[in-house]
Amino acid sequence: MADRVLITGARAASALDLARDFHAAGWEVHMADCTPARISRWSRAVQRLHRYPSPVREPQHFRQRVLDLVDQVQPRLILPTCEEAFHLAAPALQDRLDACLFQPHLPRLRQLHDKHGFALLLAELGLPVPETHLITNKADLARFAGDSSAWVFKPCFSRFGEAALIGPAPARLHQIDILPGLPWIAQRKVTGMEASFYAVARDGQVTAFAAYHSDWRLKGGASIAFAPLSPAQHAMLLGFARRLAVHGAISGQLACDVMIDAAGQAWLIECNPRATSGVHFLAGQGDLARAIAGTASEPALAEPGQLHLLPAMLSFGLANAIQRGRLKPWIAALRTGQDAIGRAGDRRPMLGALVDGCAFALAGLRHGQSTSTMTTADIEWNGESLA
């Protein structure tokens, strides 16, 4: 009988490619989410998509459903991909999930996800991080009014960069609401190229790695097209990932955003201890699944080439290209890149992604929120206490 994996956060394109990779490695793939997640449900690689309640709106029912799924599916491995990862790390679930949940415990997840906590960790390790200050009230903000253009302001717990203010005017600082228990940071602005890396680690050793950058993003920062970095940049970021993994003896997924300045120095900005778009460079032949399961003989490294999320490129990407006069680069990105959602032999997820995207967009219109915000509203974690 094949080993079973339960991949949560099935709404994500990265979850889809993880499912395909585990299927290629001979696993029976089960997925779960609190949305219909047609992008994954319509994939040939998925045995079954299970549903659970929103961990934000119904935390107790979410936890009970997760326990029921563990009894039903009996997975050898549970692999989170989105912010449900933090809810799965709740102390109430630890005893039952600890043996199969592929991620660090909640204190380490919090340290990595909290932008101020992550900056403190980087400073402790001697890794390059821009000067960072914690902001807990209006008085803290006022200290930066004189040179606000030299700083980036953002909540300690946020996603997609939608709330970030990059070099704002002093008057804009006065409009920031610092709520109790939801601090912000001020981080010295670094000018250069935005890049990211995704790593898998087991017992502190990196077993899979991809580093990439993007010229095509949604409003707020989420990438929809990806290109690999140069060998030198790749090696530099791999060194950072290895130091982070060793320090925390991490077993799990580790992804970071960086800025590479004009001198070629990479500065670590923030961390997502979960799956990100780097998955797309590693998935396909089962190597990533083996790296996660701990059965690979060699680290899995990214294949060269450009990738994109075709449904997003055809909608948000096209609108962006028209608005910014970048139709030729947009056409070139489509011609030279490969779609990571409609893979050969498994095209239906592309239609599923379009339907899911429309559903999130309509929900955003109803609630006066962006599409990106709605993709995580029912699973996000902002540092709240978890029972």
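These legends accompany close-up views of a predicted model.

**View 1. The domains of the chain.** The protein splits into domain 1 (4-102), domain 2 (131-188) and domain 3 (192-343). If you take the centres of domain 1 and domain 2 over their C-alpha atoms, they sit 35 Å apart.

View 2. Welcome to the largest nonpolar core, which counts 69 residues. The residues with the most contacts inside this core are I7, F22, M31, L288 and I292. Domain 1 (4-102) and domain 3 (192-343) each supply at least three residues to this core.

**View 3. The surroundings of L288.** Setting aside neighbours within four places in sequence, L288 is in contact with L18, D21, Y198, V200, A208, V279 and L282.

View 4. Helix α1 (residues 13-24) is built from 12 residues and spans 17 Å from first C-alpha to last, close to the expected 16 Å. After the helix comes G26, with a positive phi near 95°. Look also for D17 and R20, which join R343 and D346 in a network of salt bridges.

View 5. The structure holds 15 salt bridges, and here E83 pairs with R159, the closest N and O atoms being 2.6 Å apart. E83 comes from the loop between β4 (77-79) and α4 (84-88), and R159 from the loop between β6 (151-155) and β7 (165-166), so the pair ties together parts 76 residues apart in sequence. Both E83 and R159 are buried.

View 6. E270 and K154 meet through their side chains at 3.1 Å, N to O. Because E270 lies in strand β13 (residues 266-272) and K154 in strand β6, the pair ties together parts 116 residues apart in sequence. E270 is buried, at 13% relative accessible area, and K154 is buried too, at 6%.

View 7. The side chains of E194 and R217 form a salt bridge of 3.6 Å, N to O. E194 belongs to strand β9 (residues 192-202) and R217 to strand β10 (residues 205-217), so this pair links parts 23 residues apart in sequence. E194 is partly exposed, with a relative accessible area of 41%, and R217 is likewise partly exposed, at 23%.

How values were computed:
Residues are numbered from 1 along each chain as its sequence is written. This is a predicted model: local features need pLDDT of at least 70, side-chain atom pairs count only at pLDDT 80 or more; totals for chains, interfaces and linings use all residues. Side-chain values use heavy atoms; hydrogens and water are left out. A nonpolar core is a set of buried Ala, Val, Leu, Ile, Met, Phe, Trp, Tyr and Cys residues joined through side-chain atoms within 4.5 Å. Buried means under 20% relative accessible area, exposed over 50%, partly exposed in between (1.4 Å probe, protein chains only). Domain bounds come from an automatic or database domain assignment. Contact means heavy atoms within 4.5 Å. Helices (H or I, at least four residues) and strands (E, at least two) are DSSP runs, numbered from the N terminus. The expected span of a helix is 1.5 Å times one less than its number of residues. A salt bridge is a side-chain nitrogen of Lys or Arg within 4 Å of a carboxyl oxygen of Asp or Glu.
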